[in-house]
Amino acid sequence: MTPVEGGALALLEGTLSGAGFSVHRVRFSEPGAQDVENLYARIGTARPHLMFAGHTDVVPPGDESRWRHPPFAGEIADGVLFGRGAVDMKGAIACELAAALDYIAANGGTLNGSVSFLITGDEEGVAVNGTVKLLRWAAARGEKFDRCILGEPTNPKQLGDMIKIGRRGSLSGTLIVSGMEGHVAYPALADNPVRRIVAIMAAVMAEPLDAGSAHFDPSNLEFTSVDVGNKTANVIPAEARARFNIRFNDRHTQASLKTLIEARARAQGGNFRIEWEPSNADAFLTKPGPFADMVSGAIAEVTGRQPELSTSGGTSDARFIKDYCPVVEFGLVNATMHKIDECVTTADLVRLTAVYRRILDRYFNNPP
Ligand SMILES: [Zn+2]
């Protein structure tokens, strides 16, 4: 479970070094967070340089007794592999690995460029000692990346449904409205912050944050909690709070959202403040073009399906990778991720390996 290595990186290290990769196990620390182990491996020294990225950490299994097969046994029943991480995303890392080893063997151990694996153990957790630092570490060593495939589970129903070419950003905050406490029977002697927080919330939610963009849905704000914490029926409270989260597209930055939300709140008047939580999740887009076409083509060849180019869903480590090279995400079917009985068909593992294998062929024959 995140961020414990659990033998996954050791297995990758052994397999990759055996195939001629130079492998680095890199450990990062941060005050207030657990140390995290990561792995970076590269074969070849030339460009172009294709990176496979992923995470070996997984979310907790929940109530293990509810699993049909133990969550950490990797049992296969009727062609279905069960286990935490089967789709998110140890399964896809296994496919990336199998494809790379097959490609290297088919080319006599030499490449027209470089292939690397950038694998973290800190994606499902706070994500401070993972990809963000591993990329910085690699860049400091002089590593330059040309394209990245991130193997997050992107398909809603069937392999070949969807590639992610971007992700929305995420920003959270707490709206705090101060008033004056007092007796409910004497409201003139008090200033009820509940009245005003309701008005401010309504104003903040009244209009869409934008109309969406070419590849994104409109940005959206949801209040997730409204808190007064008042246990007394006859006291007007002194303060009210409301937490919210915004998922935003490429029409917005964190700064533009703060300006917009604060302006809408200020228009209601009165004493309020917004505490914004730090966020490292900005929106990004890898514009459709030769790279996404190449990946789509490989998927269509294997699955017979033309994937949708999507920017839906939560954030991923692609938000860090995009600062180093264009990145697209394609992996397994995500229907069971983070659930009891997370599972993948072995047929999908075979087909995803074939997709990655074709991407390697296409990429090194004709780099986009
Ligand atoms: Zn994941």
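How many disulfides does the count come to? I get 0 disulfides, taking a disulfide as a pair of cysteine sulfur atoms within 2.5 Å.

**Ground rules**

I am working on a predicted model, where local features need pLDDT of at least 70, side-chain atom pairs count only at pLDDT 80 or more, and totals for chains, interfaces and linings use all residues. Residues are numbered from 1 along each chain as its sequence is written, and side-chain values use heavy atoms, with hydrogens and water left out.

**Cysteines**

I went through two of the cysteines. For C95, the closest cysteine sulfur sits in C343, 14 Å away, which is too far for a bond. C95 is buried at 2% relative accessible area; buried is under 20%, exposed is over 50%, and partly exposed is in between (1.4 Å probe, protein chains only). For C148 the closest cysteine sulfur is that of C325 at 5.3 Å, again too far for a bond. C148 is buried too, with a relative accessibility of 0%.

**Overall picture**

I noted 8 helices and 19 strands. These are DSSP runs numbered from the N terminus, helices being H or I with at least four residues and strands E with at least two. The C-alpha trace spans about 85 × 45 × 40 Å along its principal axes. Of the 368 residues, 51% are buried. I also looked at contacts, meaning heavy atoms within 4.5 Å. Among those with a separation of 6 or more, 79% come from residues 24 or more positions apart.

**Zinc site**

Which residues coordinate the zinc ion? I find H55 through NE2, D88 through OD and E152 through OE, at 1.8 to 2.2 Å. Donors here are N, O and S atoms within 2.8 Å of the metal (3.2 Å for Na, K and Ca), and with water not among the atoms, sites may look incomplete. The sequence spacing of the donor residues reads H-x32-D-x63-E. D88 is in the loop between β5 (80-82) and α2 (90-106), and E152 is in the loop between β7 (147-150) and β8 (162-164), so this pair ties together parts 64 residues apart in sequence.

I then followed H55, which is in strand β3 and buried at 0% relative accessible area. Its side chain makes a polar contact with the side chain of D88 at 3.0 Å. By polar contact I mean a pair of N or O atoms within 3.5 Å; within protein, one must be able to donate a hydrogen and the other to accept it, and residues adjacent in sequence count only if both atoms are side-chain atoms. A second polar contact, of 3.3 Å, joins the side chains of H55 and E123. Not counting residues up to four places away in sequence, H55 touches D88, M89, K90, I93, T120, E123, E124 and E152.

In α3 (residues 131-140) I list T131, V132, K133, L134, L135 and A138 as buried. They pack against β1 (22-30), β2 (33-43), β3 (49-55), β6 (114-120) and α7 (318-321). Just after α3, G142 takes a positive phi of about 95°. E143 is in the loop between α3 and β7 and is buried, with a relative accessible area of 12%. Its side chain makes a polar contact of 2.6 Å with that of Y40. Leaving aside neighbours within four places in sequence, I see E143 in contact with Y40, R42, H49 and A138.

**Helix α4**

Buried in α4 are P193, R196, I197, I200, M201, A203 and V204. Down the helix axis these fall within an arc of 160°, so they line one face; the arc is that of the directions from the axis to the C-beta atoms. On the other side, R195 and A206 are exposed. The cover over the buried residues includes β10 (169-178), β12 (220-227) and α5 (254-266). N192 caps the N-terminal end, with a side-chain oxygen 2.9 Å from the backbone nitrogen of V194.
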